[in-house]
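Please open the model in your viewer and keep the sequence panel beside it, so that each selection can be made by residue number. The stops below are meant to be taken in order.

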Amino acid sequence: MPDPGKIQVAGADGCKAGWVVVSSGLEGQGPHQLQVFENFAALLAHQPEFAIVAVDMPIGLPDHIGPRGRGSEQAARKHLGQRQSSVFAVPSRAAVYTADYLEGCAVAQETSDPPKKVSKQCFYLFPKIREIDAVMTVDLEERIFEVHPELAFWRLNGEAPMSLPKKIKSRPNGPGLDQRRDLLVSQGFDRAFLDQAPPRGVGRDDLLDAAANCLIASRIAAGKAEPFPADYCRDGKGLRMAIWA
């Protein structure tokens, strides 16, 4: 049996450099470690392997989308108030596997009711979504869990959405980032760790999101996290469609 003191859980967030990961021991306490992986397969192959990976990226892609996206996205938005716009509606798997924006919009419209195009923000996530979808299996669901940073902060903030936005007009919002940093410090993170200059290709918001995801990973490992929705569905590959917090 592995030494519990050496078991690591991790929070992952997509970034320009690939995937930024903040890891910790099972209880979510330090020392915390910051790493960057070029692709998700490399993250999974890391040795010693992470016991739990809580990743901010959709897992489970339906063949057809209803009016408000996947059930997991609908369930998460209900708790986020003014922050609910951060939860994108992910289109069908067929749309995610397109490489051209206009083609993606066309396929998304064909596989949604009512017909709906793809937002540019979501389209830019397609390569990262495909990375996970290419390696994800039902067996890996014991290790890999979909999370969302704003739902993570909601959970860590006493089940109240953050009052300040993380970004304004797609640009980092300093006061909103400071608010999230301070919340993470109250949850056991060292302020200097969170205030460090991020590696090249990693934004300050990416680092903070990965840290929040790491705390949710520790909650998952302890059996304290729950899926949204509780009665989640599975996609055509058998993958669950749930956001954990």
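This is a predicted model: local features need pLDDT of at least 70, side-chain atom pairs count only at pLDDT 80 or more; totals for chains, interfaces and linings use all residues.

**The core around Phe 189**

Begin by selecting Val 22, Leu 184, Phe 189, Leu 194, Ile 220 and Trp 244, which are the residues with the most contacts inside the largest nonpolar core, a set of 32 residues. Next colour the elements that each supply at least two residues of this core, among them strands β1 (8-15), β2 (18-25) and β4 (52-56) and helix α9 (191-195). Which helix gives the most to this core? It is α10, with ten residues, and α10 covers 204-221.

Now centre the view on Phe 189 and show its surroundings: leaving out residues up to four places away in sequence, Phe 189 touches Val 22, His 32, Leu 184, Leu 194, Ala 211 and Leu 215. Elsewhere, a second, separate core of 30 residues can be found by selecting Phe 40, Phe 50, Val 55 and Ile 144, which are included in it.

Select His 32, which sits in the loop between β2 and β3 (33-37). Is His 32 buried or exposed? His 32 has a relative accessible area of 14% and is therefore buried, the limit being under 20%. Apart from neighbours within four places in sequence, His 32 is in contact with Val 22, Ser 23, Ser 24, Gly 188, Phe 189 and Phe 193.

**Helix α8 and its two partners**

Show helix α8 (residues 174-186) together with helix α7 (residues 149-156), whose axes come within 11 Å and cross at roughly 50 degrees; the two helices are therefore oblique to each other, and their crossing is left-handed. In side-chain view, Glu 150, Phe 153 and Leu 156 of α7 meet Arg 180, Leu 183 and Leu 184 of α8, a contact made up of four nonpolar, no polar and two charged residues.

**Leu 125, between two helices**

Move to Leu 125, in the loop between α5 (120-123) and α6 (126-135), where a relative accessibility of 27% makes it count as partly exposed. Beyond residues up to four places away in sequence, Leu 125 touches Met 57 and Phe 88.

**Backbone features to inspect**

Most residues other than glycine have a negative phi, and most peptide bonds are trans. Against that background, select Gln 47 and Pro 48, which are joined by a cis peptide bond with omega about -5 degrees; Pro 48 belongs to the loop between α1 (40-45) and β4. A cis peptide bond also joins Phe 228 and Pro 229, with omega about -5 degrees, and Pro 229 is in strand β8 (residues 227-234).

Finish in the loop between β6 (167-168) and β7 (171-172), where Lys 169 lies and where Ser 170 is also found. Phi is positive in each, near 55 degrees for Lys 169 and near 70 degrees for Ser 170. Lys 169 counts as exposed at 80% relative accessibility, and Ser 170 is exposed with a relative accessible area of 62%.

How values were computed:
Residues are numbered from 1 along each chain as its sequence is written. Side-chain values use heavy atoms; hydrogens and water are left out. Axes are lines fitted to C-alpha atoms, for helices over the stretch in contact, and angles run from 0 to 180 degrees between N-to-C directions. Helices (H or I, at least four residues) and strands (E, at least two) are DSSP runs, numbered from the N terminus. Angles under 35 degrees count as roughly parallel, over 145 as roughly antiparallel, 65 to 115 as roughly perpendicular and the rest as oblique. A crossing is left-handed if the near helix is turned anticlockwise from the far one by less than a right angle, and right-handed if clockwise. Contact means heavy atoms within 4.5 Å. Ala, Val, Leu, Ile, Met, Phe, Trp, Tyr, Cys and Pro count as nonpolar, Asp, Glu, Lys and Arg as charged, and the others, Gly among them, as polar. A nonpolar core is a set of buried Ala, Val, Leu, Ile, Met, Phe, Trp, Tyr and Cys residues joined through side-chain atoms within 4.5 Å. Buried means under 20% relative accessible area, exposed over 50%, partly exposed in between (1.4 Å probe, protein chains only).
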